[in-house]
Amino acid sequence: MTETLLQFQAPVAAPDGRRYEARACGAPMAGATTWQGWLEFIPIDGGEPLRTGRETTQPNRADAEYWATGLTSVFLEGALRRALDGQPAIPVLPPQPSIFPEPAPPAGPPVAVHPGSVLDPFSVYEKGEALLRRQLGALSAWHLVNIALDYELTSYDLATLNRLPATELIEIIVGAVRHTIDARHAGATHR
């Protein structure tokens, strides 16, 4: 059912000086729950009324009414000009077939994004185990997991490491770094 949502108090003047009463109108769209809105202009001195094409589509009547309350005098003047000029003809082209049957395939295999380690545990350990423990203690568990994996300090998989508390992750890292460095030093003395 078509309704006048809002009748504007101030008349709208056309470029030729004629004045029109403006109304925002709306109705439910056929087969949908949405509403459409348009403007109607009634000449104050008599004559044929004019209307615009659809100016808005809103989810319901209340939103269509709200749309109408926000229309400015400048918008109404532009809408009146559109109604006086008639709607421009929009050429309808016949449907064109797509060149390709589907979108392009991905450019390449997905690249694994690895956050990387925030510190090198070996270089920090060289300055002292206590310093390494302090620096590791300041990191979040996911940083510790990355360090353990990036430097291959454990045989645990990612899922297992993600379940471990930070204190255990620190012990794994420090123990593996200590063991690796001790093995390097032992190998160097046997040469």
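This is a predicted model: local features need pLDDT of at least 70, side-chain atom pairs count only at pLDDT 80 or more; totals for chains, interfaces and linings use all residues.

**Salt bridges first**

Modeller: Counting a salt bridge as a side-chain nitrogen of Lys or Arg within 4 Å of a carboxyl oxygen of Asp or Glu, there are eight salt bridges. One of them pairs Arg61 with Glu3, with the closest N and O atoms 2.7 Å apart. Arg61 lies in helix 1 and Glu3 in strand 1, so this pair ties together parts that are 58 residues apart in sequence.

Colleague: OK. What's the order of the elements from the N terminus on?

Modeller: They run β-β-β-β-β-β-α-α-α-α-α-α-α, which comes to seven helices and six strands. Helices (H or I, at least four residues) and strands (E, at least two) are DSSP runs, numbered from the N terminus.

Colleague: And is Arg61 buried, exposed or partly exposed?

Modeller: Arg61 counts as partly exposed, at 27% relative accessibility. Glu3 is partly exposed too, at 22%. The cut-offs are under 20% relative accessible area for buried, over 50% for exposed and partly exposed in between (1.4 Å probe, protein chains only).

Colleague: What does Arg133 pair with?

Modeller: Arg133 meets Glu129 in a salt bridge, 3.1 Å from N to O. Those two are four residues apart in helix 4, so about one helical turn separates them. Arg133 also meets Glu171, at 2.6 Å from N to O. Glu171 lies in helix 7 and Arg133 in helix 4, so that pair ties together parts that are 38 residues apart in sequence. Through shared partners, salt bridges join Glu129, Arg133, Glu171 and Arg178 into one network.

Colleague: Switching topic: which residues of helix 1 are buried?

Modeller: In helix 1 (residues 61-69), Ala64, Trp67 and Ala68 are the buried ones. Seen down the helix axis, they fall within an arc of 100°, so they line one face of helix 1. That arc is taken from the directions from the helix axis to the C-beta atoms. Exposed on the other side of helix 1 are Ala62, Tyr66 and Thr69.

Colleague: What covers the buried residues of helix 1?

Modeller: The cover includes strand 1 (3-7), strand 3 (19-28), strand 4 (35-43) and strand 6 (56-58). Contact here means heavy atoms within 4.5 Å.

Colleague: What's going on at the start of helix 1?

Modeller: There, a side-chain oxygen of Asn60 reaches to within 3.2 Å of the backbone nitrogen of Ala62.

Colleague: You mentioned strand 6. What does Thr56 touch?

Modeller: Thr56, which sits in strand 6, touches Trp35, Gln36, Gly37 and Trp67, not counting residues up to four places away in sequence. Thr56 counts as buried, at 10% relative accessibility.

Colleague: Now the greasy part. How many residues are in the largest nonpolar core?

Modeller: That core has 21 residues, and those with the most contacts inside it are Leu132, Leu136, Leu153, Ile173 and Val177. A nonpolar core is a set of buried Ala, Val, Leu, Ile, Met, Phe, Trp, Tyr and Cys residues joined through side-chain atoms within 4.5 Å. Helix 3 (121-125), helix 4 (129-137), helix 5 (141-150) and helix 7 (166-189) each supply at least two residues of this core. Helix 7 gives the most, with eight residues.

Colleague: And what does Leu136 touch?

Modeller: Leu119, Leu144, Ile147, Ile170, Ile173 and Val174 are touched by Leu136, leaving out residues up to four places away in sequence. There's also a second, separate core of 18 residues, which includes Ala24, Trp35, Ala64 and Trp67.

Colleague: Which residues are buried in helix 5?

Modeller: In helix 5, His143, Leu144, Val145, Asn146, Ile147 and Ala148 are buried. Following helix 5 is Glu152, with a positive phi near 50°.

Colleague: Last one: what share of the protein chain is buried?

Modeller: Buried residues make up 28% of the 191 residues.

Note on methods
Residues are numbered from 1 along each chain as its sequence is written. Side-chain values use heavy atoms; hydrogens and water are left out. A polar contact is a pair of N or O atoms within 3.5 Å; within protein, one must be able to donate a hydrogen and the other to accept it, and residues adjacent in sequence count only if both atoms are side-chain atoms.
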